[in-house]
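Me: Got a structure here that I'd like to talk through. Can you help me read it?
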Amino acid sequence: MEFINISDSIFKVDGRLATKNLITGHRVYGEELIQKDNIEYRLWNPYRSKLAAAILKGLKTIAIKGGTHVLYLGVSTGTTSSHVSDIIGANGRLYGVEISKRSMREFLNLCELRHNMLPILSDAMAIDNYKNLVKEESCDVIYQDVSARDQSGILKANSIFLKKGGIAYFIIKSQSIDVGRKPEDVFEDELRKLKDVFDIVEKIDINPFDKLHMFAVLKKK
Ligand SMILES: C[S@@+](CC[C@H](N)C(=O)[O-])C[C@H]1O[C@@H](n2cnc3c(N)ncnc32)[C@H](O)[C@@H]1O
């Protein structure tokens with residue numbers, strides 16, 4: 001097997017992405033487990049995770065590392081966040097915000113095993129619900145993947161939790177905002193609305209893994 005380090009804790013194994021499994025022997029979404037030198041890795045499916053897709057499409061800003069504090073908006077059942085949990089390790093922290101009770105129930109099971117993840121059942125727009133759990137300007141990274149209408153508004157509201165110079169991975173779904181407009185116009189509009197708070201660092205087309213979203217990397221001013 002050919003192993004290439006993309007960062008300290010993200011690997012390419014024979015061309016496929018993988019993270020070191022924080023909980024040995026445990027699968028999250030049916031992913032394949034592989035062993036090398038007595039270490040277990042979980043293969044990371046780019047068709048199931050837009051972060052994996054962006055990395056394979058050449059993402060340059062890898063801000064999620066060992067010890068990183070991440071505010072994850074739209075954590076769902078925990079597919080992508082489980083890999084983020086692998087990457088940040090025992091010294092990192094992931095606050096997972098999710099509006100759906102049904103998804104949160106599954107994510108809760110994951111949090112029982114993975115002690116670096118903290119579940120927050122809330123609308124990501126209602127930041128007052130979790131202001132007591134997440135300190136202002138305490139997070140290194142915001143990862144936002146919510147299928148909501150006001151996506152730029154949600155990121156702006158949550159930017160108070162991000163450190164100055166912190167990175168936001170902002171995944172935009174044009175269909176949740178306006179089905180009638182060209183996706184490119186919706187993407188540009190959402191980014192324009194954030195210009196007073198963020199600088200745009202990268203824009204990544206995650207096609208062919210996902211055709212409906214745009215993946216943007218922003219830096220808090
Ligand atoms: C595309 S899924 C997220 C997938 C997940 N990021 C992953 O890769 O594993 C979008 C999620 O956003 C959640 N969502 C939609 N609106 C939300 C809101 N206002 N606040 C919090 N979560 C929201 C949905 O319930 C859904 O679980």
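This is a predicted model: local features need pLDDT of at least 70, side-chain atom pairs count only at pLDDT 80 or more; totals for chains, interfaces and linings use all residues.
Me: Is Y143 buried or exposed?
Reply: Y143 is buried, with a relative accessibility of 1%.

Me: Where is Y143 found?
Reply: Y143 is in strand β9, which covers residues 139-144.

Me: Which residues is Y143 in contact with, leaving aside its neighbours within four places in sequence?
Reply: The list includes K50, L51, V70, L71, Y72 and L73. T80, Y169, I171 and F215 are on it too.

Me: What about the side chain of Y143 and the backbone nitrogen of L51?
Reply: A polar atom of the Y143 side chain lies 3.3 Å from that L51 nitrogen.

Me: And how far apart are Y143 and L94 in space?
Reply: Their C-alpha atoms are 9.9 Å apart. In sequence, Y143 and L94 are 49 residues apart.

Me: New topic. Where is R114?
Reply: R114 sits in the loop between α3 (101-113) and β8 (117-121).

Me: Is R114 buried or exposed?
Reply: R114 is buried, and its relative accessible area is 0%.

Me: So what does the R114 side chain make a polar contact with?
Reply: The partner is the side chain of D86, at 2.8 Å. D86 is also one of the residues in contact with R114 beyond its neighbours within four places in sequence. Others on that list include N21, L22, I23, V28 and R42.

Me: Now helix α4. How many of its residues are buried?
Reply: Six of the eight, so α4 is largely enclosed by the rest of the structure. The helix runs over residues 151-158.

Me: Which ones are buried in α4?
Reply: Q151, S152, G153, I154, L155 and N158.

Me: What caps the N-terminal end of α4?
Reply: D150 does. One of its side-chain oxygens lies 2.9 Å from the backbone nitrogen of G153.

Me: Zooming out, how many helices and strands does the chain have?
Reply: Six helices and twelve strands.

Me: How does its radius of gyration agree with a compact globule?
Reply: A compact globule of 221 residues would have a value near 17 Å. The chain has 17 Å, so the two agree. The C-alpha trace spans about 50 × 40 × 35 Å along its principal axes.

Me: What share of the residues count as buried?
Reply: 53% of the 221 residues.

Me: Last one. How far apart are the mean positions of the positive and negative charges?
Reply: They are 1 Å apart, for 33 positive and 29 negative charges.

Conventions
Residues are numbered from 1 along each chain as its sequence is written. Side-chain values use heavy atoms; hydrogens and water are left out. Helices (H or I, at least four residues) and strands (E, at least two) are DSSP runs, numbered from the N terminus. Buried means under 20% relative accessible area, exposed over 50%, partly exposed in between (1.4 Å probe, protein chains only). A polar contact is a pair of N or O atoms within 3.5 Å; within protein, one must be able to donate a hydrogen and the other to accept it, and residues adjacent in sequence count only if both atoms are side-chain atoms. Contact means heavy atoms within 4.5 Å. The radius of gyration is taken over C-alpha atoms; the globule rule is 2.2 Å times the number of residues to the power 0.38. Lys and Arg count as positive and Asp and Glu as negative; His and the chain ends are not counted. The place of a charge is taken as NZ of Lys, CZ of Arg, CG of Asp or CD of Glu.
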